[in-house]
Amino acid sequence: MKKGRAVVLITTFVFVLAFIVFSAPALAEPPTPFLIHGWVNYSNGTAVLNPNVTITNLNTSEVFTATTSPDSNYYQVSTTSYNISAGDVLHFHVSDTNTTEFNHTVTQDEIDNGGFVQNITIIAAPVGLCGDVDCDGEVTMSDGRQIWMNIIYGADEYPLNNTWAADVDCDGEVTMSDGRQIWMNIIYGADEYPLNCCQ
Ligand SMILES: [Ca+2]
Ligand SMILES: [Ca+2]
């Protein structure tokens with residue numbers, strides 16, 4: 001009797017074990033590696049070394065901080081298909097002297113391929129002093145004059161050494177208004193006539 005009970009127990013155990021072993025793959029797909037990587041450059045082509053790249057999965061709120069190194073503009077986030085699924089929206093936040101942000105929606109192809117390459121461009125931070133068209137380190141009447149002469153007589157004789165600094169109203173172009181704004185700024189002050197170059 002005892003022996004018979006033991007056989008039943010062992011048989012049951014074997015069946016349960018077999019069930020677990022054979023049904024386990026159907027219950028949970030093993031995770032596949034998922035790699036997000038690429039290179040970060042400034043808009044002028046210069047490499048952004050050791051960039052700060054953070055990727056947030058907006059569907060799960062999980063935040064991934066990319067691995068980078070001080071002597072490279074390469075970044076990578078290594079995760080698995082457990083953490084990222086097709087249709088998830090990834091929010092990229094990339095910063096150095098300036099910041100760029102954008103969203104990327106993961107496709108089934110990217111899941112099947114084990115990740116994707118995402119190169120990133122950061123707009124180079126403006127250098128110089130807003131209004132200092134001739135780059136002599138200060139904003140004077142000459143800077144306003146330079147803009148007017150440039151428009152009237154051309155860039156050969158009157159170059160704009162810093163076009164970013166010349167567009168003092170940030171409307172995307174350098175016009176007589178920019179030259180006038182510099183003059184009025186000097187004469188009447190920044191409260192009434194501010195110099196607002198694009199940031
Ligand atoms: Ca100047
Ligand atoms: Ca302008």
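This report describes a helix and a sheet in a predicted model.

Local features need pLDDT of at least 70 and side-chain atom pairs count only at pLDDT 80 or more, while totals for chains, interfaces and linings use all residues. Residues are numbered from 1 along each chain as its sequence is written, and chains are lettered from A and ligands numbered from 1 in the order in which they are written.

Helices (H or I, at least four residues) and strands (E, at least two) are DSSP runs, numbered from the N terminus. Helix α3 covers residues 141-153; at 1.5 Å a residue its 13 residues should span 18 Å, which agrees with the 18 Å between its end C-alpha atoms. The expected span is 1.5 Å times one less than the number of residues.

A residue is buried if 20 or more other C-beta atoms lie within 10 Å of its own, exposed if 12 or fewer, and partly exposed in between, with C-beta atoms placed from the backbone.

| Residues of α3 | State |
|---|---|
| Asp 143, Gly 144, Gln 146, Ile 147, Asn 150 | buried |
| Met 141, Ile 152, Tyr 153 | exposed |

The exposed residues sit on the face turned away from the buried side. Just after α3, Gly 154 takes a positive phi of about 100°.

Four strands form an open antiparallel sheet in the order β3-β2-β5-β6. β3 (62-65) and β6 (99-105) are at the edges with a single partner strand each, so one side of each lacks a neighbour in the sheet. Strands pair if DSSP finds at least two bridges between them; four bridges join β2 (residues 52-57) to β3. Asn 57 stands opposite Glu 62 in β3.
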